[in-house]
Amino acid sequence: MSRKVVFKTYHQNQLSLIPPSYDDLVPKNHPVRIVNTIVDHLDISTLEKSYKGGGTSSYHPRMLLKVVIYSYLRNIYSSRKIEQALQENVHFMWLSGQSKPDHNTINDFRGKRLKGKFKNIFNQVVGLLAEQGVLSLKELYVDGTKIEANANRYTFVWGKSIKTSKERIRK
């Protein structure tokens, strides 16, 4: 006895009467929303002051900062890959508000605008997360684990051998 195969309807060229909002396509608990909320609470006045007036309009530094932070969270570091994600990925489209800066703009923002200011921004993020109880600033642990690489087991250098080598070099 054979059964009739039934497929779901598929109309690639069918237009919607009301296009969906990007907000509907991003789940409420998605990490992109967390990045958005955190960066919205940061004081970026020093970053905004680095822009001088005149000329053509610039992309907002808050939007670029959100895009860069979310890219790093997703292990995307190349400015060209970030540019591609802004054109193809719904989460990046939502975060940027459909802005599509090119790779040169992204690279200039990271290299010139964020230079010397990223530490302050990072400190604000840590302070905000501590204030919300996400992390604690009471204890800090540093793990001194040495992990041997596959290359050669004799390639690591002990601290004592560095001291003796320095003395030998001085002599």
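Visitor: How far from Arg 110 is the nearest side chain of opposite charge?
Guide: Arg 110 is buried yet has no salt bridge. Buried means under 20% relative accessible area, exposed over 50%, partly exposed in between (1.4 Å probe, protein chains only). A salt bridge needs a side-chain nitrogen of Lys or Arg within 4 Å of a carboxyl oxygen of Asp or Glu; Lys and Arg count as positive, Asp and Glu as negative, and His and the chain ends are not counted. For Arg 110, the nearest side chain of opposite charge is Asp 108, and the distance is 9.2 Å.

Visitor: What kind of model is this?
Guide: Residues are numbered from 1 along each chain as its sequence is written, and side-chain values use heavy atoms, without hydrogens and water. Local features need pLDDT of at least 70, side-chain atom pairs count only at pLDDT 80 or more, and totals for chains, interfaces and linings use all residues, as this model is predicted.

Visitor: Which helix holds Arg 110?
Guide: Helices are DSSP runs (H or I, at least four residues), numbered from the N terminus. Arg 110 is in contact (heavy atoms within 4.5 Å) with residues including Val 68, Tyr 72 and Lys 115, leaving aside neighbours within four places in sequence. Its helix spans residues 103–113 and is H7.

Visitor: Which element gives the most to the lining of the largest pocket?
Guide: A pocket is an open set of points on a 1 Å grid over the protein atoms alone, with protein on both sides within 12 Å along at least five of seven lines; lining residues have an atom within 4 Å of a point. The largest pocket has a volume of about 270 Å³. Among its lining residues are Tyr 51, Asp 108 and Arg 113. With five residues, the element that gives the most is H7.

Visitor: How many residues in the lining of the second largest pocket are nonpolar?
Guide: This pocket holds about 160 Å³ of space. Val 35, Ile 69 and Phe 118 are among the residues that line the second largest pocket. Its lining has no polar and no charged residues, and the nonpolar count is eight.

Visitor: Is His 30 buried or exposed?
Guide: His 30 sits in the loop between H1 and H2. Not counting residues up to four places away in sequence, His 30 touches Tyr 70, Arg 74 and His 91. Its relative accessible area is 13%, so His 30 is buried.

Note on methods: Helix = DSSP H or I, 4+ residues; strand = E, 2+ residues; numbered from the N terminus. 1 Å grid on protein atoms, 1.4 Å probe; cavity = no way out; pocket = protein on both sides within 12 Å on 5 of 7 lines; lining within 4 Å. Points joined across faces, edges and corners; volume = space filled by probe spheres on them. Nonpolar A, V, L, I, M, F, W, Y, C, P; charged D, E, K, R; others polar.
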